[in-house]
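Please read it alongside the sequence and the coordinates.

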Amino acid sequence: MPSPSTYCAFVVPKKQRSCRMLVKAGQKFCGEHAIFDEDNQDRIPCPYDPKHTIDRRAVATHLKRCNSRLLERRWVIENINSIKGEVRSIDKIDRKARNEEIISVIHKLLLCYDSICEEIEKKQLEIPEIRDHLEQFPEISDTKRKHLVQQSSIIGHLESTKLLKNEPSACIFELGAGKAQLSYWMAKRAPSASFLLIDRSGSRNKYDNKALQENPSLNINGCAVRSNI
């Protein structure tokens, strides 16, 4: 059995345990976590997805096969939503916002809110599918419950304004779909509609797959378009 010193020293934050990958002799970190070594010079974050790292010497090769790369499609036009002449909207910012910048933004948001808060109608709606789900699984964590309550109200408002239509001619685009949980619940209310999910990267355990397993007749195209919004 390998000794503790042969395992990667990186502690996985979400799991609060050490990485279980083996390391080379004389190294403290595995290849993926070598970027945390103070003497590291070869490992860098992937330009497409900084959640994983790559060897600096193999950048060109990696970028051609990285699963996070955006494939060229005629309907994906880079910076189509940016304002001409507004450089800040497309330039990457490689630093954290300063405290005074954050405070300035908060101040602007509060001013905007104060100017319209009396006109805002607070109305929490719900759909029976999510309500029944929450009653059936009371042990759901507060975070997941909060998201479901939000989604229930969103769908309720869409229905109240007749924006969610259960008919074949309707097509719902979900931008930044993530795991597609919102579309999953919308499909229960509008199973005849079509759904197109758009997200920057794929996501495991997606709800669009779950929706299709429950109802194969659904027209739900999971992350058919991988693109920035």
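Which residues are buried in helix 5? In helix 5, the buried residues are Q181, L182, S183, Y184, W185, M186 and A187, where buried means under 20% relative accessible area, exposed means over 50%, and partly exposed lies in between (1.4 Å probe, protein chains only). Because seven of the nine residues of helix 5 (residues 181-189) are buried, this helix is largely enclosed by the rest of the structure.

The model is predicted, so local features need pLDDT of at least 70 and side-chain atom pairs count only at pLDDT 80 or more, whereas totals for chains, interfaces and linings use all residues. Residues are numbered from 1 along each chain as its sequence is written, and side-chain values use heavy atoms, with hydrogens and water left out.

**Overall make-up**

The protein contains six helices and seven strands, these being DSSP runs numbered from the N terminus (helices are H or I with at least four residues, strands are E with at least two). Read from the N terminus, the order of elements is β-β-β-β-α-α-α-α-β-α-β-α-β. Of the 229 residues in the protein, 25% are buried. Among contacts (heavy atoms within 4.5 Å) with a separation of 6 or more, 44% are between residues 24 or more positions apart. The accessible surface, computed by the Shrake-Rupley method with a 1.4 Å probe and, for residues, with only the protein chains shown counting as cover, comes to about 17,400 Å², and 53% of it belongs to carbon and sulfur atoms.

**Salt bridges**

A salt bridge is counted when a side-chain nitrogen of Lys or Arg is within 4 Å of a carboxyl oxygen of Asp or Glu, and by this rule there are nine.

| Pair | Closest N and O atoms | Relative accessible area |
|---|---|---|
| R43 and E32 | 3.9 Å | R43 22%, E32 31% |
| E126 and R131 | 3.3 Å | E126 48%, R131 33% |
| E129 and R189 | 3.1 Å | E129 23%, R189 27% |

In the pair of E129 and R189, whose closest N and O atoms are 3.1 Å apart, distant parts of the chain are linked, since E129 belongs to helix 3 (residues 128-136) and R189 to helix 5, 60 residues apart.

**Two lysines in loops**

K14 is placed in the loop between strand 1 (11-12) and strand 2 (17-18), and with a relative accessible area of 85% it is exposed.

K165, in turn, is found in the loop between helix 4 (142-160) and strand 5 (171-175), and its relative accessible area of 42% makes K165 partly exposed. Leaving aside residues up to four places away in sequence, K165 touches A170, A190 and A193. K165 and S192, which are 27 residues apart in sequence, lie 8.4 Å apart in space, C-alpha to C-alpha.
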